[in-house]
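Open the model in your viewer and keep the selection tool at hand. The tour goes from the whole chain to single residues.

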Amino acid sequence: MWRYNHTLSEWEGTRIRNELQKDRRVSNSHISRDPRRRRSARVISPAREWSWQGPIVDHHIHLDKSGQGIEAAKAFKASGGTSILLVHKPKFSSLPIDGEGYRAAYSSTLEMADHIRKKVDIGVGVILGPHPVAWDHQADEIGVQAASEIHLEAVSIALDHVNERDAVGLGEVGRPHYAVSEERWEYANDLLIDVLKMANEDDSAVQLHVEENGEETCRTIDAIRSKSGLDRKKTVRHYAPPNLSDTFRSKLPCTVSVGRGSITQIIESWNEGAAYWGMETDYLDDPRRPGAVLGPRTVPRRTKELCDEWIGSGKKEQTLDELLHRVNRDWIESIYDWSPD
Ligand SMILES: [Zn+2]
């Protein structure tokens, strides 16, 4: 999804928060209300520390050879990241108008993935598909019928790549995240049923780009999924808010956009749902908008933040270790039939 609302850079935000947390820890640990204990309190054992040693995966990231490209992947790795799900980035200024155009566009995403595997040595799973906003734009230009035909052809080509296993899923497909006419909305929903039916026929996982409308979003998406026959566990809502309860997400898997404050909410809600989830940036790698959405270092940093907050609140290390194994390996294997290692 495309949102541009960051004021502080991600790095700045993380640094400031870390400073604040440090201050809080210091003031809590060595100041005792009882004056007799103040002196000895200075030598209390340091706060328990634990860090995750397994894989760290950004579940939804875009890279662009005219942007940071491979340098962003290097920054991700340098921060502790080990694998990405690289999602095809549409070029809205010149959208493909036929199958040939989509084949070429997908090839450049696949080339980028190969390049990163070789030069950066991280795991890369590719997600290919036509963006629903591209469909909406084209519907304005060439009519909804023609736009839908191109869209479904693009889905079909993407699924060929999934079948050949040079891609691991279809996406991002979905529906516009902004208000459109009622007629366009109905069309988008009907089209999505067809798209998910095609994914189901090829047993492909799907990453969904949708609007944010509370519980209603996942409830209606799950109804569409159900009509299409696609397995719930393969229907991943991307750019999800950090609410992991099954009620909120109708038991759909989701990848949470890990902006500021998300870790606290993840810790609060992870136990209220059994459905799969992951962490994503939706980094856009857009040279015209540096700093738009979250940067490529964000998921490794949030993972560390999750460990610190979890351990700091006295929760069990083993529970977090098991959870991070599921988030960064088991659930990915189960959804995409692809191992991030
Ligand atoms: Zn995206």
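How many helices and strands are there in the chain? There are 12 helices and eight strands; helices (H or I, at least four residues) and strands (E, at least two) are DSSP runs, numbered from the N terminus. This is a predicted model, in which local features need pLDDT of at least 70 and side-chain atom pairs count only at pLDDT 80 or more, while totals for chains, interfaces and linings use all residues. Residues are numbered from 1 along each chain as its sequence is written, and side-chain values use heavy atoms, with hydrogens and water left out.

**The whole chain.** Of the 341 residues, 52% count as buried; buried means under 20% relative accessible area, exposed over 50%, and partly exposed in between (1.4 Å probe, protein chains only).

**The zinc ion.** Select the zinc ion next. His60 (NE2), His62 (NE2), Glu172 (OE) and Asp282 (OD) coordinate the zinc ion at 2.1 to 2.3 Å. Donors are N, O and S atoms within 2.8 Å of the metal (3.2 Å for Na, K and Ca); water is not among the atoms, so sites may look incomplete. Along the chain, the donors follow the spacing H-x1-H-x109-E-x109-D. Both His60 and His62 are buried.

Why is the arrangement of the four donor atoms irregular? The angles they subtend around the zinc ion run from 87 to 175 degrees. Four donors count as tetrahedral if all angles lie between 85 and 135 degrees; four count as square planar and six as octahedral if opposite donors are over 155 degrees apart and all others between 65 and 115; anything else is irregular.

**Strand β4.** Now select residues 169-174, which form strand β4 and include Glu172. The peptide bond from Gly171 to Glu172 is cis, with omega near -10 degrees.

**Two loop residues.** Go to the loop between α4 (99-119) and β3 (123-128), where Asp121 lies. Asp121 is not a glycine, yet has a positive phi of about 60 degrees. Asp121 is exposed, with a relative accessible area of 57%.

Then select Asp203, in the loop between α7 (182-201) and β5 (205-209). Phi of Asp203 is also positive, near 55 degrees, in a residue other than glycine. Asp203 counts as exposed at 55% relative accessibility.

**Helix α11.** Finish with residues 298-312, helix α11. Its buried residues include Val299, Leu306, Trp310 and Ile311. After α11 comes Gly314, with a positive phi near 85 degrees.

Methods
Expected span 1.5 Å × (residues − 1).
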